[in-house]
Amino acid sequence: MMNKNPDSNSFEAMRRSMVASQLRTSAVDDVRVIEAMAAVPRERYVPEGVRDVCYRDTQLALGNGRFQNTPLATGRLINEAWLEPTDKVLLIGAAGGYTAAVLALIVDHVVALEEDEALLAMARESLAPIRNVELVAGPLRDGYAKNGPYNAIILDGAVEQLPPEIVAQASPGARISTGLVDRGVTRLAAGSKTEGGFGLFDFADSDCCVLPGFAKPHGFRF
């Protein structure tokens, strides 16, 4: 009987293919991002049931209505954060810890925020050996002001609106990257916080998982 579970060599081959076919061909041009995503074993940060497809360009079901972002969306969001090695980064939507592990290879300190208890348990186990990631619990839409301000903020998923409370946690000059939901279409966007304010600018249409808690309030309808 054929073993349906890929071995470590198969995962490594799939990871190389993901880098070659999804990242290098799609404007992920920061070599540090490519090298980090080539090094981090994505299969360790997702449920067993989706490990064999974890390198495909698709969202992965994590349970409780949550999804792991596609490798392409995650790679481009990190790429557009314009990270420096000394940065302290707030990651909103840590899920099982994958994106935090990637960021940990690029910057000095990562604060990874998650609100789902099952995902927090997964992330605590998977991120335990990584010393420069601080996993914190709380509502995603609130960010994590306690450890701010941050040199960069990355939302690993799409939101209908970016709360001003999150923007306030960014240092002047900080970059914020996120997915945006616009009339059912998801796009990737980024912007820099300046003394004059902050604005997001779309840079790509992309499949991107939707994070909970960021829906715009709907007006009263008759």
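**Salt bridges, stop by stop**

Select aspartate 182 and arginine 187: their side chains meet in a salt bridge, with 3.0 Å from N to O. A salt bridge here is a side-chain nitrogen of Lys or Arg within 4 Å of a carboxyl oxygen of Asp or Glu. The model is predicted, so local features need pLDDT of at least 70 and side-chain atom pairs count only at pLDDT 80 or more, while totals for chains, interfaces and linings use all residues. Residues are numbered from 1 along each chain as its sequence is written, and side-chain values use heavy atoms, with hydrogens and water left out.

Aspartate 182 is partly exposed, at 29% relative accessibility (buried means under 20% relative accessible area, exposed over 50%, partly exposed in between; 1.4 Å probe, protein chains only).

Helices (H or I, at least four residues) and strands (E, at least two) are DSSP runs, numbered from the N terminus. Aspartate 205 is exposed, at 58%.

Next, select glutamate 43 and arginine 15, a salt bridge whose closest N and O atoms are 3.6 Å apart. Glutamate 43 sits in the loop between α2 (31-39) and β1 (60-63), and arginine 15 in helix α1 (residues 8-23). Glutamate 43 is buried at 12%; arginine 15 is buried at 11%.

Across the whole structure, a search finds 8 salt bridges.
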